[in-house]
Amino acid sequence: QVQLQESGPGLVKPSQTLSLTCTVSGGSITTNLYYWSWIRQPPGKGLEWMGAINYSDRTFYSPSLKSRTSISCDTSKNQFTLQLSSVTPEDTAVYYCARYRLPNEYDYWGQGTQVTVSS
């Protein structure tokens with residue numbers, strides 16, 4: 001059974017960089033056919049796809065967040081990370097990591113972690 005678990009600070013100050021880690025168990029992040037994704041949900045709004053990384057380290061980003069987003073992976077720890085720079089209160093959201101399985105489904109999700117941007 002594949003499990004994903006987000007970790008990171010719950011409170012970030014404006015203008016700082018938000019860093020979150022997703023630890024994957026029960027499966028390798030180097031397996032092909034999968035894209036390891038970050039998705040967020042601001043309060044009162046829908047899900048927003050932020051970006052993903054695949055088994056060959058290729059990254060994909062939302063155009064609206066691309067200039068502030070970086071996704072990387074640590075295969076030795078079976079983890080992938082999200083960094084979002086220059087955060088503002090509008091980046092306050094529940095952040096999820098998820099596995100996207102080709103051709104078209106998110107089959108595993110983390111439980112989500114609340115991140116609040118506030119001074």
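Modeller: We can start with one side chain and its partner. Glu48 is partly exposed because its relative accessible area is 22%, and buried would require under 20%. Keep in mind that this is a predicted model.

Biologist: Which residue does the side chain of Glu48 meet in a salt bridge?

Modeller: Its partner is Arg40, with an N to O distance of 2.7 Å. Arg40 has a relative accessible area of 5%, so Arg40 is buried.

Biologist: How many salt bridges does a search of the whole structure find?

Modeller: The search finds four. In one of them, the side chains of Arg68 and Asp91 meet at 2.9 Å, N to O. This pair links distant parts of the chain, 23 residues apart: Arg68 is in the loop between β6 and β7, and Asp91 is in the loop between β8 and β9. Arg68 counts as partly exposed at 21% relative accessibility, whereas Asp91 counts as buried at 2%.

Biologist: What are the partner of Asp107 and the distance between the closest N and O atoms?

Modeller: Asp107 forms a salt bridge with Arg99, and those atoms are 2.6 Å apart. Salt bridges that share partners also join Arg40, Glu48, Arg68 and Asp91 into one network.

Biologist: How should I read the nonpolar core?

Modeller: In soluble globular proteins, nonpolar side chains tend to be buried together. Here the largest nonpolar core has 24 residues, of which Leu18, Trp38, Phe80 and Tyr95 touch the most other members. Strands that each supply at least two residues of this core include β3 (18-25), β4 (34-41) and β9 (93-101). The largest share, four residues, comes from β3.

Biologist: Which residues is Leu18 in contact with, leaving aside its neighbours within four places in sequence?

Modeller: With those neighbours set aside, the contacts of Leu18 are Val12, Leu82, Gln83, Leu84, Val87, Tyr95 and Val115.

Biologist: Is Thr69 buried or exposed?

Modeller: Thr69 is buried, because its relative accessible area is 8%. Thr69 lies in strand β7 (residues 69-74), and its side chain reaches the backbone oxygen of Leu65 at 2.7 Å. Beyond its neighbours within four places in sequence, Thr69 contacts Tyr61, Leu82, Gln83 and Leu84.

Biologist: Where is the place of Tyr55?

Modeller: Tyr55 sits in the loop between β5 (48-54) and β6 (59-61). At 42% relative accessibility, Tyr55 counts as partly exposed. Its contacts, apart from neighbours within four places in sequence, are Ile29, Thr30, Thr31, Asn32, Leu33 and Tyr34.

Key: Residues numbered from 1 in each chain as written. Predicted model: local features only at pLDDT ≥ 70, side-chain atom pairs only at ≥ 80, totals over all residues. Heavy atoms only, no water. Buried < 20%, exposed > 50% of the residue type's maximum accessible area, 1.4 Å probe, protein only. Contact = heavy atoms within 4.5 Å. Polar contact = N/O pair within 3.5 Å; in protein donor to acceptor, adjacent residues only side chain to side chain. Core = buried A, V, L, I, M, F, W, Y, C linked by side-chain atoms within 4.5 Å.
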